[in-house]
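Biologist: I'd like to learn how to read a two-chain model, feature by feature. Could you walk me through this one?

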Amino acid sequence: MAILVDQDTRLAVAGITGREGSFHTLNNRRYGTNVVGGVTPGKGGQDVEGIPVFDSWAQAMDEAQPNTAMIFVPPRFAADSILEAAAAGVELVVAITEGIPAHDELRVYNLLKRDHPGTRLIGPNCPGILSPGKANVGIIPASFFKEGNVGVVSRSGTLTYQIGNEIAQAGFGCSTIVGIGGDPVPGSSFVDVLELFQADEQTELIVLSGEIGGSAEEEAAEYISGSVTKPVVAYIAGFTAPAGKQMGHAGAIVSGSAGTAAAKAQALEAKGVRVGRTPTQVAAIAVEVLGGTPVTAP
Amino acid sequence: MDLLEYEGKQLFARHGLRVSPGRAATTVEDAVRAAGDVGYPVVVKAQVLIGGRGKAGGVKLAADESEARQHAQNILGMDIKGHIVRTLWIEHASDIASEYYASVLLDRSAKRPLVMFSVEGGVDIEQVAEETPEKLIRHHVDPLLGLSREEAVKIAADGGVDGDVVEGVADALVALYEVWTAEDATLAEINPLIVTPDREVRALDAKVSLDGNALYRHPENQSLSDSENEDPIERRAKEEGVQYVKLDGDIGILGNGAGLVMSTLDVVAQAGGSPANFLDAGGGSDAEKIKQAVELILANDAVKAVLFNIFGGITRGDEVARGLIAAFEDVKPSVPFVVRLDGTNDVEGRRLLDEAKLPNVYPARTMDEAAEKVVALAAGQPVGAAA
């Protein structure tokens, strides 16, 4: 089954005519994702290797009926592009763009909640979503993952590849890998994605990869104890991060005594979630828990 | 981006929030002139991005010129918890009847702006929140509507301010919210917000953090920055567009992706080492960027060994290898390097490194092995043959 993206995905891409946008769109199509169009104002009527380009999301919806949007436009245009896709009725918006102002993210989050409750936003500043064997929307290198029963949700891209690769080397695969992004106001939280994995038949174990800053991991711990029956293995990055310093991601910052890795690991462990101290340990725990459940070959 | 007090006050004044007349100064003579201009008595305040300035002796009242000169001499160059004072703010001293607290910040959990207010100002607000939470008003604002005057009046009244200053405090809260939204701040805090004996409401301090991602739409704020209080290597990294944070240890770290680099710091610490920096080379690092990153890491004299931890997604292992080889030709590092290359084009990258036979470069197959090796090397222990 997998979650969010699969064979039914109909993807359109804002920023498809840019260098990065076209490169990754074509990569996604090569993987088997059904790419139905792109949106670049002023370039409607053109095509990118056969993929039609539209001037607006409304036009893309009329002519190609996408159900998934990928946002690849520069930060200053990203908020409007997300909202325009939502207004056109796109159900899932995946925003890859890094560097969107926090106030724009706040406005987008609250506008979607109020005016477009049917649209789910993943990201921004995220690597996207991969359901191995089904569809890839974003920049996750698919070759490191195979199809299986581990659901992964993470605030960081490369860290996800590191953990996923170790799980794959041990012979296990993934249902879906979801990057929720490293910004202060992500469109979807750990809790939102945990809810989907809990309901997904293919997913038998969930790996949650968090980092310093905010309280999303603490909220996840609460949610897991009340609503998740599947085993969850967690990792938290940033134990050695000094307070007050932004560690790469806009959202990765310890504010005073809040948002530390130690507090997050503690909150998760208090709710019975096993927390690995290194990515390798996380993979090892996941494999140990899965021990009796061999993955069916894709 | 954290602003100094006087920079924050400039933003306050821009939006109609009252502050005392004052001027910034960087020399003793400058400070004395500023004091004369704003009028005695004055307060001489150290401008550093750290709390506890008063206790450290960085805030002093001066009744006349000789006292102003004395305090300026003492405070300029002072080391306050590792922050050297390079700028003073000279402000006309205020008479104080009451001290309140007010702030607007981004509540990441609620995904809304949060206005906080308390009549217990002038003290550590986390302590107030802990010991007398009923004295801290917390009010979430709908960011699509903004903070209305009615809401602000209610916050002031609920907070228990004297009846005659409810209006004045509400004005200050509305102005502070305006600072937060119009300047793309992530934090705008006043502690204390004072009431003078003639019942005027005024910001006596300012703590403002701006969103670096939004600076493009605030050209007037681009010159405001904490750069004078910043580490010189961090400043250089910022100019070069590299994500670099200086740390206290002796092991230089480079990786691709913020999460992987944070994780690498942790794994090195667990292996008994102490990282000297955070450096995210980012996605798609080409050879030139890698060379630049190596130079930044080695600009820190404390570095005794360096760990490259690359898991290539967009980043290609062969590119990283070429960058490292180019960097060695130019920089000729004198410290050992441990290199772990995995992911996209890793085989080709490792082959390039093998063939280059760089002096003092040790390959590692896993992240844990790489951490153990670099910790040993930094401690001067042998770890087997170099590449």
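Predicted model: local features only at pLDDT ≥ 70, side-chain atom pairs only at ≥ 80, totals over all residues.

Modeller: Let's start with a helix pair inside one chain. In chain A, the axes of helix α7 (residues 216-227) and helix α8 (residues 261-270) come within 8 Å and cross at roughly 5°. Angles under 35 degrees count as roughly parallel, so α7(A) is roughly parallel to α8(A).

Biologist: Which residues in α7(A) and α8(A) meet?

Modeller: From α7(A) you have A:Glu217, A:Glu218 and A:Ala221, and they meet A:Lys264, A:Ala267, A:Leu268 and A:Ala270 in α8(A). Sorted by class, that contact has four nonpolar, no polar and three charged residues.

Biologist: How do I read a helix pair in general?

Modeller: Two packed helices are described by the angle between their axes and the distance between the axes.

Biologist: How many residues of chain A are in contact with chain B?

Modeller: There are 46 residues of chain A in contact with 41 residues of chain B. On the chain A side, α3 (75-87), α4 (102-115), α5 and α9 (279-290) each supply at least two residues. The most comes from α4(A), with eight residues. By class, the side of chain A that touches chain B has 21 nonpolar, 17 polar and eight charged residues.

Biologist: Let's step back to whole chains. What is the secondary structure of chain A, and what does chain B have?

Modeller: Chain A comes to nine helices and 14 strands, and chain B has twelve helices and 18 strands. Along the principal axes, the C-alpha atoms of chain A fill a box of roughly 55 × 45 × 30 Å; for chain B the box is roughly 80 × 50 × 40 Å. A compact globule of 298 residues would have a radius of gyration near 19 Å, and chain A agrees, with 19 Å.

Biologist: What about burial and the domains?

Modeller: In chain A, buried residues make up 60% of the 298 residues; in chain B, 48% of the 387 residues count as buried. Chain B is divided into domain 1 (21-92), domain 2 (98-221) and domain 3 (231-378). The C-alpha centres of its domain 1 and domain 3 lie 42 Å apart.

Biologist: Can we look at single residues? Is B:Ala305 buried or exposed?

Modeller: The cut-off for buried is 20 or more other C-beta atoms within 10 Å. B:Ala305 has 25 of them within 10 Å, so it is buried. You'll find B:Ala305 in strand β16 (residues 305-312) of chain B. Beyond its sequence neighbours within four places, B:Ala305 is in contact with residues including B:Ile251, B:Val335 and B:Pro336. B:Pro336 is 31 residues apart from B:Ala305 along the chain, yet their C-alpha atoms are separated by 5.1 Å.

Biologist: Now the backbone. What should I expect there?

Modeller: Most residues other than glycine have a negative phi, and most peptide bonds are trans. Here, the bond from A:Gly123 to A:Pro124 is cis, with omega near 5°, and A:Pro124 sits in the loop between β7 (120-122) and β8 (128-131) of chain A. In chain B, a cis peptide bond joins B:Tyr40 and B:Pro41, with omega about -5°. B:Pro41 is in the loop between α2 (28-38) and β2 (42-46) of chain B.

Definitions and conventions. Residues numbered from 1 in each chain as written. Chains lettered and ligands numbered in written order. Domains from an automatic or database assignment. Helix = DSSP H or I, 4+ residues; strand = E, 2+ residues; numbered from the N terminus. Rg over C-alpha atoms; globule rule 2.2 N^0.38 Å. Buried ≥ 20, exposed ≤ 12 C-beta atoms within 10 Å, placed from the backbone. Contact = placed C-beta atoms within 7 Å. Nonpolar A, V, L, I, M, F, W, Y, C, P; charged D, E, K, R; others polar. Axes fitted to C-alpha atoms, helices over the stretch in contact; angles between N-to-C directions. Parallel < 35°, antiparallel > 145°, perpendicular 65-115°, else oblique.
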